[in-house]
Amino acid sequence: PFESLEEVNIYEDVAASHLTTGEMITVVLGMTALCGYGICLLYLGISFGPLTYKRSNAERREMKKENDAKKENKISSTDLSVVVSWISVLVFYAGMCYIHQVNVGLSTDDYVKTGALLAYLPAPWVLRRYLVIPGSKVLSFYCAVYDTITYGPVFSHILLMVTILVGMDKSYWFTFTLLDCLNMSPLLAATIKSVTQPINQLAQTASLFVIVICCYTAVAYFAFGVDEFGAGDDRGNVCTSLIECFVYSLYVGIRSGDMDGVLDGADSSNQAEWRGRLIFDLSFFIILGVLLFDVVTGVILDTFGELREEVNDRADKMENETYISGITREKIEELEGNAVDFTQVNQQQQDKWNYLYFLIYLNNKEPSEMNGAESYVSKAVAEEDTCWLPQKTCWAMQMSGASADDELSPEEMMEEQVAKLESVEKSVQALVAKLEEAEEV
């Protein structure tokens, strides 16, 4: 109902017990959506959280084993560069605020508040990037919580729940829940990912934007004067110091892509000033308005093209290739006599869920109670070796004598034979190790 989008405060109306029809419908829909998002968030947290904690502990144990082999006491891995970068930004910002206060004499309360946000908001992200491999269970727990919260689906559901809660106070916030379509469409998700994935490149390009505007603002401030800033602005002088002129140029210059919106027009009767402004304005437009904007557009478009191709390839592979053994639909259909049915192999004979249940069964079974095949598979899984899975074959093909490898290239056949030999070598090494242990006993 459009009435629910008016400037109303549902919390106050609920407390006063005089809800309108539109507000009642809004409350019901909002609470329903909130419960739905909460259930999804709880499921994602329970599913993803323990996995991240287990992975963090596994990385820590693996590092400990490597350090024990090297006789080192280091049990964690950290990246100090991110902390140095964070502190450098804070020092630079503090220096700019000090210069502004000394030169202009204006209050820096707003700048201090902004600096506090720069200091505290990125702190969890900086700490997580610093802890590449945490060195204690407490830090492992923090990394697991952080990774769970920042996991795409979890984070998006948290934002959606926040928009609903805020929407009860400012009802126009409910419109942001429509962005849930990003969770439903892989193509739309790839569109957003085309911006978030190359974030480092875009951030460096953005810093170049700031540097270019800073340089041009300094030149304009000292060469043309502060009175030139504020083209077409009825307020008169829009800035009184270099940093204020820089902020104004940053705001107007990026939006317009040139200096026409920042500086007043040059006097054509003064040829020296006219030539200077000609070179100044054109160079700014070429560097920022053309080159840098095209760099940003190119990075986003290239990333989107790669992601769209990746999504299409993944969908094609899921539809036309068996999940476990990697047999293509085309090769199965080319077999004589239709000896093998693709759907039957993919969904019954090699059902991925049966393999998952088998791995869970092995994970919950005591190693001393496993038989030979189970011990072999358990060890291969621990070593992240997929040699125990069927490769380009299935039971029906083996029983019928058919093969999906007839059209393999010589290179592919050689790689398959090498993989088989490596699997046999690992099995022999395992048997030799067991014999040596038995002899020692």
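With which residue does lysine 365 form a salt bridge? In the predicted model described here, the partner of lysine 365 is glutamate 374, and the closest N and O atoms of this pair are 2.8 Å apart.

The secondary structure of the protein amounts to 18 helices and two strands. Of the 441 residues in the protein, 28% are buried. When contacts between residues at least 6 apart in sequence are considered, 62% of them join residues that are at least 24 apart.

The salt bridge between lysine 365 and glutamate 374 belongs to a set of four found by a search of the whole structure. Another member of the set joins the side chains of aspartate 147 and arginine 128, with an N to O distance of 3.0 Å. Because aspartate 147 is placed in helix α6 (residues 137–150) and arginine 128 in helix α5 (residues 123–130), the pair ties together parts that are 19 residues apart in sequence. Aspartate 147 and arginine 128 are both buried.

A further salt bridge links glutamate 310 to arginine 314, where the closest N and O atoms lie 2.9 Å apart. Both residues belong to helix α12 (residues 271–320), and because they are four residues apart in that helix, about one helical turn separates them. Glutamate 310 has a relative accessibility of 39% and therefore counts as partly exposed. Arginine 314, at 44% relative accessibility, is likewise classed as partly exposed.

Helix α12 also contains leucine 307. In contrast to the partly exposed glutamate 310, leucine 307 is buried, its relative accessible area being 5%. Apart from neighbours within four places in sequence, the contacts of leucine 307 are with Ala190, Lys193, Ser194 and Gln197.

Sorted by class, the lining of the second largest pocket consists of seven nonpolar, two polar and five charged residues.

Finally, the cysteines were considered. A disulfide is a covalent bond between the sulfur atoms of two cysteines. The structure contains zero disulfides. For cysteine 214, the closest cysteine sulfur is that of cysteine 215, but the distance of 5.7 Å is too far for a bond, the cut-off for a disulfide being 2.5 Å between sulfur atoms. Cysteine 214 counts as partly exposed because its relative accessibility is 40%. Cysteine 35 is also partly exposed, with a relative accessibility of 47%.

Notes:
Residues are numbered from 1 along each chain as its sequence is written. This is a predicted model: local features need pLDDT of at least 70, side-chain atom pairs count only at pLDDT 80 or more; totals for chains, interfaces and linings use all residues. Side-chain values use heavy atoms; hydrogens and water are left out. Buried means under 20% relative accessible area, exposed over 50%, partly exposed in between (1.4 Å probe, protein chains only). Ala, Val, Leu, Ile, Met, Phe, Trp, Tyr, Cys and Pro count as nonpolar, Asp, Glu, Lys and Arg as charged, and the others, Gly among them, as polar. Contact means heavy atoms within 4.5 Å.
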